[in-house]
Amino acid sequence: VDKEMLTVAGELQFGNWALIYRDLFRLLDADSNPGVDFYIYVAADDELSSMLSANTVSYRSAKDVISEYLSIIKTPVWLIGLGIEKI
């Protein structure tokens, strides 16, 4: 069956650092599911992460984990770091 539109899945993650691994398993499941074409992962940048709580998932930690398992991740991933500017 040819698809008319791409399927995009994603995650907004501002929780405990261990959740990145749960999200990675979800992403690997998306790899095995041909219905997901693109994955967007949003995490706090280092500054915002330090303001939220200790040991939250940050852009840097998400990048490290995704990079570590890149050889088994087949779905394209767009990793976005969300932050705020202190005034």
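**Close-up views of strand S2 and its surroundings**

**Figure 1. Glutamine 13 of strand S1 faces strand S2.** Alanine 43 in S2 is the bridge partner of glutamine 13. In this predicted model, local features need pLDDT of at least 70 and side-chain atom pairs count only at pLDDT 80 or more, whereas totals for chains, interfaces and linings use all residues. Residues are numbered from 1 along each chain as its sequence is written, and side-chain values use heavy atoms, with hydrogens and water left out. Strand S1 (residues 8–13) pairs with S2 in the parallel sense over six bridges; two strands pair if DSSP finds at least two bridges between them. Strands (E, at least two residues) and helices (H or I, at least four) are DSSP runs, numbered from the N terminus.

**Figure 2. Strand S2 also pairs with strand S3.** S2 and strand S3 (residues 77–82) run parallel and are joined by six bridges. Valine 42 stands opposite isoleucine 80 in S3. Strand S2 itself spans residues 38–44, and because five of its seven residues are buried (under 20% relative accessible area, with a 1.4 Å probe and protein chains only; exposed is over 50% and partly exposed lies in between), it is largely enclosed by the rest of the structure.

**Figure 3. Tyrosine 39 lies in strand S2.** With 3% relative accessibility, tyrosine 39 counts as buried. Its contacts (heavy atoms within 4.5 Å), leaving aside neighbours within four places in sequence, include Ala9, Gly10 and Glu11, as well as Asp23 and Leu27. Thr75, Pro76, Val77 and Trp78 are also in contact with tyrosine 39. Glutamine 13 is 26 residues from tyrosine 39 in sequence, and their C-alpha atoms are 13 Å apart in space.

**Figure 4. Tyrosine 39 and tyrosine 41 form an aromatic pair.** A search of the whole structure finds one such pair. The ring centres of tyrosine 39 and tyrosine 41 are 6.5 Å apart and the ring planes stand at 25°, so the pair is stacked. Rings of Phe, Tyr and Trp (its six-membered ring) pair if their centres lie within 6.5 Å; planes under 30 degrees apart count as stacked, over 60 as edge-to-face and the rest as tilted. Both tyrosine 39 and tyrosine 41 are buried.

**Figure 5. The views belong to a protein chain with three helices and three strands.** From the N terminus on, the elements run β-α-β-α-α-β. Of the 87 residues of the chain, 30% count as buried.
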